[in-house]
Amino acid sequence: MEEKVLTKAVLVGVSKKGIDSGECEKSLAELERLLDTAGGVTFAKLIQSKESENPKTCIGSGKLEELKDLCRNNDIHLVIFDTELSPAQIRNIEDVLEDVDVIDRSMLILDIFALHATSAEGKLQVELAQLKYTAPRLVGKGKQLSRQEGRIGTRGPGESKLESDRRHLARRAAALEEAIRDIERTRATMRAARERSGLKKVAIVGYTNAGKSTLLNRLTDAGVLAENKLFATLDSTTRKLTLPEGTEVLISDTVGFIRKLPHHLIKAFRSTLDELKYADILVVLADASDDECAEQLKVTTDLIVQLGAGDKPVLYVFNKSDMAKDGMMFIGDTPRDAVFVSALMGMGIEKFLTMLEELARAGTRRCVLRIPMSEQAVLGQLYKLATVESVEYLDDCMEVTAVLDTRAQGTFKKYIV
């Protein structure tokens with residue numbers, strides 16, 4: 001079997017003077033992991049320290065010549081900038097580098113999403129994001145993208161469309177937006193059905209590769225793909241979960257977060273990310289073994305607020321704790337509602353489930369209800385929306401003991417003794 005040849009790339013970062021240079025290095029390290037996920041390999045990293053980015057070429061002319069020599073002498077045909085480049089900057093840089101493709105961090109993330117999108121909705125969302133962000137940066141470059149054989153930065157369901165004129169791209173974007181609206185209507189119908197079920201909705205959110213899919217698989221045998229790569233899964237999966245004391249909830253994973261998540265990606269995936277807004281509880285997952293855990297947790301919490309879900313009850317879960325270094329357990333800074341687990345090994349899962357059930361039962365109380373014999377359907381509805389503990393048939397009514405949440409208490413208010 002012939003060994004696959006990985007695409008070599010040079011990564012370029014700009015460290016602005018007066019700002020911690022370590023931040024640039026950390027961001028480039030993450031860019032390297034993104035490239036690995038996309039199927040490439042980092043040949044070298046280039047960092048320039050400047051007061052501000054060059055409006056024409058991002059980096060200075062001397063550093064650009066150094067980059068040109070590096071690519072020419074080592075047969076490099078891909079350069080990735082760890083910042084957002086304008087269409088003009090990409091053209092200007094490519095004019096200097098000659099026969100080298102130039103993409104930015106956002107384009108690389110879009111490429112990974114194109115690689116991993118499997119559902120119809122996911123593919124539509126990725127193509128829309130590509131058209132709105134990537135197309136203006138590729139149209140007019142004078143290259144036949146269809147002949148690039150799926151190179152990094154050019155993959156995805158939208159790549160053949162980028163060869164068409166801008167008016168066609170605009171029509172395609174409008175058609176995609178309408179298709180996504182149709183899916184959003186379907187999603188809203190499904191959401192309404194979940195509301196009628198009366199089950200609390202739990203969303204697992206967190207930085208990409210924190211272990212969301214692994215945790216969902218551990219809890220529900222969902223069979224979701226779980227790999228040690230960034231953005232291994234994109235499509236949300238929902239399963240019913242029965243907690244230790246019998247409380248049932250619906251639990252979903254969501255697309256992972258990352259620094260500098262492209263704005264168009266957030267907008268395109270809003271129908272998926274809106275699951276956060278409609279969740280009753282958020283399980284915020286963080287990778288305790290990652291040196292950047294605290295920063296990744298901040299990125300996650302900031303995006304939760306940005307998506308309008310900052311007021312939700314939260315259970316913080318520090319995953320991969322079995323691999324965490326000494327001193328990385330956030331003792332003293334750990335949120336009060338937190339638990340340390342290993343989703344892969346099963347460590348701490350029982351405590352996690354107990355804490356989740358406490359949150360799910362918050363606001364619930366045990367009630368006695370008297371339902372007239374003529375209203376048998378109410379008992380059936382009660383079984384769906386509450387935890388029924390006992391039913392006693394009296395002469396003229398049914399006396400029911402059940403555990404009701406605040407919503408069910410309102411629904412069955414007239415029957416509560």
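**Close-up views of the predicted model**

**Figure 1. Helix α7 and the residue that follows.** Helix α7 spans residues 212-220 and lies across strands β5, β6, β7 and β8 (281-287). The helix runs at about 150° to β7. Because seven of its nine residues are buried, α7 is largely enclosed by the rest of the structure. The buried residues are Lys212, Ser213, Leu215, Leu216, Asn217, Leu219 and Thr220. Their packing partners are β5, β6, β7, β8 and helix α12.

Figure 2. Strands of a sheet pair through backbone hydrogen bonds, either parallel or antiparallel. In this sheet the strand order is β6-β7-β5-β8-β9-β10, and the pairing is mixed. Strands β6 (238-242) and β10 form the edges, each pairing on one side only. From one strand to the next, the twist averages 25°. Helix α12 (residues 349-360) lies across β5, β6, β7, β8, β9 and β10, with a direction at about 170° to β9.

**Figure 3. The pairing of strands β5 and β7.** Strand β5 comprises residues 200-206 and strand β7 residues 248-253. The two strands run parallel and are joined by five bridges. Ile204 stands opposite Asp253, a residue of β7.

Figure 4. A pair of aromatic rings is described by the distance of the centres and the angle of the planes. With ring centres required to lie within 6.5 Å, the count comes to one aromatic pair. The centres of the Phe318 and Phe340 rings are 5.1 Å apart and their planes meet at 25°, so the pair is stacked, the limit for stacking being under 30 degrees. Phe318 belongs to strand β9 (residues 314-319) and Phe340 to strand β10 (residues 338-340); the pair therefore ties together parts that are 22 residues apart in sequence. Phe318 counts as buried, at 1% relative accessibility, whereas Phe340 is partly exposed, with a relative accessible area of 23%.

**Figure 5. The buried side of helix α3.** Helix α3 covers residues 87-97, and its residues Gln89, Ile90, Ile93, Glu94 and Leu97 are buried. These residues lie on the same side of α3, because they cover an arc of only 125° around the axis. Glu98 follows the helix and has a positive phi, near 60°.

Note on methods:
Residues numbered from 1 in each chain as written. Predicted model: local features only at pLDDT ≥ 70, side-chain atom pairs only at ≥ 80, totals over all residues. Heavy atoms only, no water. Phe/Tyr/Trp six-rings, centres within 6.5 Å; stacked < 30°, edge-to-face > 60°. Helix = DSSP H or I, 4+ residues; strand = E, 2+ residues; numbered from the N terminus. Buried < 20%, exposed > 50% of the residue type's maximum accessible area, 1.4 Å probe, protein only. Pairing = 2+ DSSP bridges. Axes fitted to C-alpha atoms, helices over the stretch in contact; angles between N-to-C directions. Contact = heavy atoms within 4.5 Å. Arc of directions from axis to C-beta.
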